[in-house]
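Dear colleague,

Please find the structure below, together with a summary of what was found in it. I would be grateful if you could read the two side by side.

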Amino acid sequence: MKNSMSFLTDPTLSTVEIAEQLLGCLLVKEVDGVITSGHIVETEAYVGIEDQASHSYNSRKTPRMTAMYEPAGTIYIYKMHTHLMLNVVTKDKGDPQAVLIRAIEPHAGTQLMEERRQKQGVEATSGPGKLTKAMGIAMDDHETSILKPSLYIDTHEKKSPVSIERSKRIGIPNKGEWTDALLRFTVKGNPYLSRKKGQVRVDNGWDAMLD
DNA sequence: CTCACGATCGTCT
DNA sequence: GACGATCGTGAGT
């Protein structure tokens with residue numbers, strides 16, 4: 001029996017609520033029939049035309065960011081230096097808000113992800129540019145839906161964070177109140193966070209789950 | 001065409 | 001924590 005609708009496209013939820021609820025969900029990518037996946041442990045909310053840190057600030061709309069203006073569930077990928085950044089649009093068409101996926105805890109295909117990165121352990125997926133490379137995410141995925149293959153989020157395979165921490169977004173200097181806004185969400189005690197890891201918990205910050 | 005600038009990463013201190 | 005690498009985008013001439 002299927003649930004009715006993913007929270008990802010629920011119009012009653014704010015971008016902040018979606019950023020929180022994404023923690024623990026399974027991000028999945030299939031390349032040439034091979035799956036890699038990981039549970040999301042770090043997100044950031046970019047809350048629209050008033051958010052000076054967002055690409056869509058002041059209703060800015062350039063060719064690379066048209067996906068931001070598409071409906072909830074649309075994937076927005078952009079290049080930062082040599083890296084790809086993965087975002088999921090959260091609101092209705094014409095309301096450019098999104099969540100940046102910043103880190104995952106590997107689930108399936110860990111060895112393949114380490115090979116793609118030429119890095120072991122936490123270094124494979126502990127950052128927005130790292131996880132896209134590890135999972136083989138490419139510009140082909142841009143403007144596709146996060147609800148269907150080959151790049152999708154499985155909200156049924158969700159783990160439950162023991163505790164969620166809020167902090168300032170990474171790499172947002174000189175943006176007034178938006179520099180200090182607490183719009184970054186992390187699973188407390190998880191070792192795969194991109195920065196400012198606190199003490200790592202033995203359960204990686206997940207509630208014990210009975211299957 | 002030119003040029004300034006990053007929602008980063010890796011390395012070094 | 002600081003800094004250099006490195007390159008596509010977008011604004012300006």
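**Salt bridges**

K130 is partly exposed, with a relative accessible area of 23%. Please bear in mind that this value, like those that follow, was computed from a predicted model. The partner of K130 in a salt bridge is E123, and their closest N and O atoms are 3.1 Å apart. E123 is likewise partly exposed, at a relative accessible area of 36%.

The count of salt bridges comes to nine. One of them joins the side chains of K29 and D141, with an N to O distance of 2.9 Å. K29 belongs to strand β1 (residues 26-31), while D141 is found in the loop between α3 (128-135) and β6 (151-154); the pair therefore ties together parts that are 112 residues apart in sequence. Both of these residues, K29 and D141, are buried.

A further salt bridge is formed by the side chains of R102 and E42, at 2.7 Å from N to O. Because R102 lies in strand β5 (residues 98-108) and E42 in strand β2 (residues 34-46), this pair ties together parts that are 60 residues apart in sequence. R102 and E42 are buried as well. They also take part in a network of salt bridges that links E42, E44, R102 and R184.

In soluble globular proteins, nonpolar side chains tend to be buried together. Here the largest nonpolar core has 38 residues, and those with the most contacts inside it are L22, L27, I40, L86, I101, I146 and I153. At least two residues of this core are supplied by each of α1 (15-21), β2, β3 (75-80), β4 (83-89), β5, α3, β6 and β8 (184-187). Strand β5 gives the largest share, four residues.

Another core, of 13 residues, lies apart from the largest one, and M65, Y69, V89 and I172 are among its members.

**Surroundings of the DNA**

Which residues surround DNA strand C? They are R60, T62, P63, R64, K79, H81 and T82. By class, this surface divides into one nonpolar, three polar and three charged residues. Of the atoms of DNA strand C within 4 Å of the protein, 76% belong to sugar or phosphate, and the rest to bases. In the case of R60, an N or O atom of the side chain is 3.3 Å from a phosphate oxygen of DNA strand C.

With kind regards

Technical notes: Residues are numbered from 1 along each chain as its sequence is written. Chains are lettered from A and ligands numbered from 1 in the order in which they are written. This is a predicted model: local features need pLDDT of at least 70, side-chain atom pairs count only at pLDDT 80 or more; totals for chains, interfaces and linings use all residues. Side-chain values use heavy atoms; hydrogens and water are left out. A residue is near a molecule or strand if one of its heavy atoms lies within 4 Å of it. A polar contact is a pair of N or O atoms within 3.5 Å; within protein, one must be able to donate a hydrogen and the other to accept it, and residues adjacent in sequence count only if both atoms are side-chain atoms. Ala, Val, Leu, Ile, Met, Phe, Trp, Tyr, Cys and Pro count as nonpolar, Asp, Glu, Lys and Arg as charged, and the others, Gly among them, as polar. A salt bridge is a side-chain nitrogen of Lys or Arg within 4 Å of a carboxyl oxygen of Asp or Glu. Buried means under 20% relative accessible area, exposed over 50%, partly exposed in between (1.4 Å probe, protein chains only). A nonpolar core is a set of buried Ala, Val, Leu, Ile, Met, Phe, Trp, Tyr and Cys residues joined through side-chain atoms within 4.5 Å.
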